[in-house]
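The following account is intended to be read alongside the sequence and the coordinates.

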Amino acid sequence: MRLNYIPRLTYPNFDTYGALYNWYAIQNAANITASGWHVPTVAEFATLRTYIGSNGGKLKTTGTTYWNSPNTGATDELGFHARGTGYRDSDGSFIQLKVSSYLRASNNVLGVDSASLDNGSSGFNQGVVTDNQGHCIRLMKDSTSLTHGQTGTYTGNDGKTYSTICIGTQEWMSENLKETLYRDTSIIPIVTDNTAWAALTTGARCSYNNA
């Protein structure tokens, strides 16, 4: 067991939808990713968008377990398994579970700093979010030996293992990040209080509805 690891209780939304992270957690110099992986850039999301023809339905899980009806266009044919994670707003409130998923990028290009999916369309759009909102993260491998459709694994800083999928020439996590530690084994703090979340200027995480 890592020295700074604190065992957590079971949180259903954490287990089902992954953690929600603010911008400061992504930018922390201690690094939210393990070596060889990174939070994707806006340009890397654009590459994925081009490959799928902007058809986000190819990335979304089917049915209404993880998305509200109508879950337009969902086929999940590429094995990305996107779920409607919702997000934590800048005032600390939680909104849009099973309605939207904003995948955070590591940079900001002309105001674009994420990619978005929603239950009412098959689009895979550019997204605009704020520093104090909490969003899900899908990591990408720096360089992959896999070919399109092949699967692999990623092991996080706290020892969790995730499934991955190669789409085109990019290897992506095929589930949302649930990381609790930075690469240097320091803890990514959990912040549950709405006022405290809204005032943050440092990295933090939570699960939807703190549950």
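Which residue of E6 does Ser 100 stand opposite? The residue is Asp 118. The model is a predicted one, in which local features require pLDDT of at least 70 and side-chain atom pairs count only at pLDDT 80 or more, whereas totals for chains, interfaces and linings use all residues. Residues are numbered from 1 along each chain as its sequence is written, and side-chain values use heavy atoms, with hydrogens and water left out.

Strands (E, at least two residues) and helices (H or I, at least four) are DSSP runs numbered from the N terminus, and two strands pair if DSSP finds at least two bridges between them. An open sheet is formed by 3 strands in the order E5-E6-E7, with antiparallel pairing. Its edge strands are E5 (100-109) and E7 (125-127), each of which pairs on one side only. From one strand to the next, the twist averages 35 degrees.

Helix H3 (residues 42-51) lies across E5, E6 and E7, and runs at about 130 degrees to E5. Such angles run from 0 to 180 degrees between N-to-C directions, the axes being lines fitted to C-alpha atoms, for helices over the stretch in contact. Contact itself means heavy atoms within 4.5 Å.

Within the sheet, Ser 116 is found in strand E6. Leaving aside neighbours within four places in sequence, Ser 116 is in contact with residues including Ser 101, Tyr 102, Phe 124 and Gln 126. Is Ser 116 buried or exposed? At 9% relative accessibility, Ser 116 counts as buried, a term that means under 20% relative accessible area, with exposed meaning over 50% and partly exposed in between (1.4 Å probe, protein chains only).

Pro 12 is exposed, because its relative accessible area is 53%. The C-alpha atoms of Pro 12 and Tyr 208 are separated by 9.2 Å, although the two residues are 196 apart along the chain.

The next element to consider is a hairpin. Strand E9 (residues 151-155) and strand E10 (residues 161-167) run antiparallel and are joined by 5 bridges. Thr 153 has Ser 163 in E10 as its bridge partner. The hairpin has 5 residues between the strands, and Gly 159 takes a positive phi near 95 degrees there.

Side chains of opposite charge can pair when their charged atoms come close. A salt bridge is a side-chain nitrogen of Lys or Arg within 4 Å of a carboxyl oxygen of Asp or Glu, and by this rule the count comes to 2. In one of them, Asp 158 is joined to Lys 160, with the closest N and O atoms 2.4 Å apart. Asp 158 is buried at a relative accessible area of 13%, and Lys 160 also counts as buried, at 19%. Another salt bridge links Asp 113 with Arg 104, where the closest N and O atoms are 3.8 Å apart. Asp 113 is buried at 3% relative accessibility, and Arg 104 is buried at 0%.

The cysteines remain. A disulfide is a pair of cysteine sulfur atoms within 2.5 Å, and by this rule the count comes to 0. Cys 136 is in no disulfide, and the nearest cysteine sulfur, that of Cys 206, is 11 Å away. Cys 136 is buried, with a relative accessible area of 0%, and Cys 166 counts as buried at 1%.
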